[in-house]
Amino acid sequence: MNDLFNKVKKNLIWKSVFRRDYRDNVRDRALAIFGNVFLHLHPVKVRESAVKLRYTWGMGGITFLAFIILTITGVVLMFYYHPTVDQAYSDMKDLEFQVPYGVITRNLHRWGAHFMVIVVMIHMFRVFMTGSYKAPRQFNWGIGVILLVLTFLLSFTGYLLPWDQLGFWAITVGTNMGAATPLLGYQGPFSEYLHITPYNDVRFALLGGAIVGGNALLRSYIWHCIAIPLIATILMVVHFWRVRKDGGISRPQNN
Amino acid sequence: MNPFIEIITQPDNIAIVIMILMVSFFMVWAFQQAFQNDKLKSAGYAVDGELDKDVDTFKPLVRIELLISLAVMLFLTVWSIVVDAPLEEIANPTLTPNPAKAPWYFLGLQELLVYFDPWLAGVVLPSLIVVGLIAIPYIDINPKGNGYYTFSERKYSILIFSFGFFVLWLLLIVIGVFDRGPGWLWYWPWQEWDIQRVVYEPTRDLSNLVGIESRSLPGFIIGAVVVGAYMIGGMIWPYKYWQKKNPEMLQQLGMTRYVTIVFLFITMMSVPIKMILRLVFLVKYVWITPWFNV
Ligand code: HEM
């Protein structure tokens with residue numbers, strides 16, 4: 001067994017992938033982190049409390065994991081989905097009855113989305129309870145709040161895509177709120193002074209029309225699959241960067 | 001089937017049940033650690049984490065991340081095997097479901113529609129929630145309790161945040177999911193929904209309580225005075241109070257911070273106040289103007 005192990009490790013391909021041996025010493029433990037583009041997100045050394053589950057509950061990391069799972073299952077779903085009024089619903093039926101593993105892919109995406117919303121709220125609660133928004137992390141808390149909103153919006157824009165009664169009416173109810181925006185929604189206070197009508201107000205801009213129809217479906221789709229994930233990814237990069245630049249996971253100042 | 005079991009086992013509601021369980025668990029864990037640290041500190045010991053040394057990231061942190069990831073993926077896989085995502089009938093613009101509910105995380109806002117007009121419940125209040133959250137680090141100038149769980153060192157900020165988070169956000173969501181039926185009427189989870197049910201609930205406006213028509217000029221003035229008194233009184237009264245009790249704190253806070261904090265706080269408290277006005281006194285509007293109603 002050991003022999004086989006050594007043979008594999010001496011293999012040219014193995015070496016080209018991992019570049020060097022791992023011996024359990026300080027240098028290699030550090031190299032394992034900054035020699036790897038993914039693990040390199042971490043510092044080489046961390047405070048013990050950052051490793052203890054009871055402090056962070058791993059909630060930020062779990063939120064990120066949920067986002068990755070949603071990206072992967074989402075890409076798979078995109079292969080089978082057309083964002084048109086004619087096809088969207090029957091594509092869902094195909095996922096259910098025709099596509100191999102279609103049901104579980106969709107389930108993972110749906111429950112993963114609920115899960116992400118739950119854990120991001122718990123992450124915010126943890127950060128609040130440990131006072132981690134205090135100096136020097138004020139800005140990163142702000143980034144976090146935007147990420148929270150984007151998480152809600154990701155989930156919300158995905159709601160319409162199956163083009164079933166649930167999503168259709170949830171989006172109808174939700175975007176009707178836009179019509180009530182002061183000044184900019186046609187039912188909102190003061191909007192008559194700006195000559196706002198159902199055809200030029202906020203709701204119209206959200207839906208690409210005065211009703212929830214094909215344009216609204218396309219807009220949801222693009223926000224959901226491209227625009228919001230892109231913005232969220234960029235903000236996550238900043239968020240993680242700032243966690244490190246602000247001195248790593250917060251901890252009691254010992255003085 | 002028992003309607004209670006039926007409603008909590010609906011596929012999408014299982015997420016809410018999981019949320020309730022997870023949030024309760026972490027709430028208890030957070031406060032338990034907070035009280036424990038408070039005890040340590042008052043006995044003169046270091047709080048949890050204060051004496052920690054640095055450790056290697058590889059492997060302790062990477063190991064625990066791997067384990068958590070596996071556990072989460074296992075959990076989601078089991079969830080996805082056991083429960084299928086629902087797909088309702090194809091969208092039909094002519095067939096309005098009753099009730100038409102927003103996604104669960106927005107149900108707190110939808111619940112506010114019972115008490116506020118849409119421009120407030122759907123636009124102004126949500127925007128203020130976001131702005132208020134972002135503002136927290138800049139208005140909370142208490143330097144204590146940074147980097148560990150504590151309650152005694154940050155009593156007020158924790159109480160206010162918890163009220164907003166657990167009551168005004170999560171509790172309203174739970175009510176929206178489990179207790180709202182057709183016509184957005186209240187149903188206990190074990191009650192059967194009844195589409196025919198109409199509840200005649202006479203409502204009035206605040207000035208009607210003293211016998212003045214709310215859509216008249218005197219009614220308008222009364223409303224304006226009450227709303228104005230709430231906003232302005234809410235600004236001045238705590239100022240006077242703190243000036244006597246703790247003038248240094250006011251000094252440190254400064255005017256901008258003070259006004260922001262108090263504005264956000266009285267806006268937040270207007271939610272429970274309007275709920276009570278509505279539920280106990282059957283008051284719908286406090287102030288009716290030609291442009292908007294509050
Ligand atoms: C998509 C959403 C989010 C992701 C993926 C994310 C991810 C993370 C991760 C991985 C960490 C490292 C520590 C930990 O795991 O707790 C972290 C820390 C932090 N997060 Fe988030 N987060 C998100 C949303 C938020 C929100 C909503 C807030 C607050 C409103 C927030 C505020 C913070 C702060 C202040 C820290 C530093 C905590 C400390 O040093 O103790 N984040 N985040």
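## Where the two chains meet

Let's start at the boundary: eight salt bridges are counted between chain A and chain B in this predicted model. One salt bridge joins the side chains of Asp48(B) and Arg54(A), with 2.6 Å from N to O. On the side of chain A that touches chain B, helix 8 of chain A gives the largest share, with 20 residues.

The contact involves 89 residues of chain A and 94 residues of chain B. Together the chains bury about 8500 Å², and carbon and sulfur atoms give 70% of that area. In chain A, the residues that lose the most area to chain B are Trp111(A), Met129(A) and Gln165(A), which together make up 9% of what that side buries.

## An iron atom and its histidines

Now look at the iron atom of the ligand, which is coordinated by His123(A) and His239(A) through their NE2 atoms, at 2.0 to 2.1 Å. This pair links distant parts of the chain: His123(A) sits in helix 8 and His239(A) in helix 12 of chain A, 116 residues apart.

Why is the arrangement around the iron atom octahedral? The six donor atoms subtend angles of 87 to 179° there, which makes it so. Ideal angles for six octahedral donors are 90 or 180 degrees. His123(A) is buried, at 17% relative accessibility, and His239(A) is buried too, at 13%.

## A loop residue in chain B

Finally, find Glu153(B) in the loop between helix 5 and helix 6 of chain B. Glu153(B) counts as buried because its relative accessible area is 19%, and the cut-off is under 20%. Among the residues Glu153(B) touches are Lys41(B), Asn142(B) and Tyr148(B).

Technical notes
Residues numbered from 1 in each chain as written. Chains lettered and ligands numbered in written order. Predicted model: local features only at pLDDT ≥ 70, side-chain atom pairs only at ≥ 80, totals over all residues. Heavy atoms only, no water. Helix = DSSP H or I, 4+ residues; strand = E, 2+ residues; numbered from the N terminus. Buried < 20%, exposed > 50% of the residue type's maximum accessible area, 1.4 Å probe, protein only. Contact = heavy atoms within 4.5 Å. Donors = N, O, S within 2.8 Å, 3.2 Å for Na, K, Ca; no water. Tetrahedral: all angles 85-135°; square planar, octahedral: opposite > 155°, others 65-115°. Buried area = accessible area lost by both parts, 1.4 Å probe. Salt bridge = Lys/Arg side-chain N within 4 Å of Asp/Glu carboxyl O. Lists of a residue's contacts leave out its neighbours within four places in sequence.
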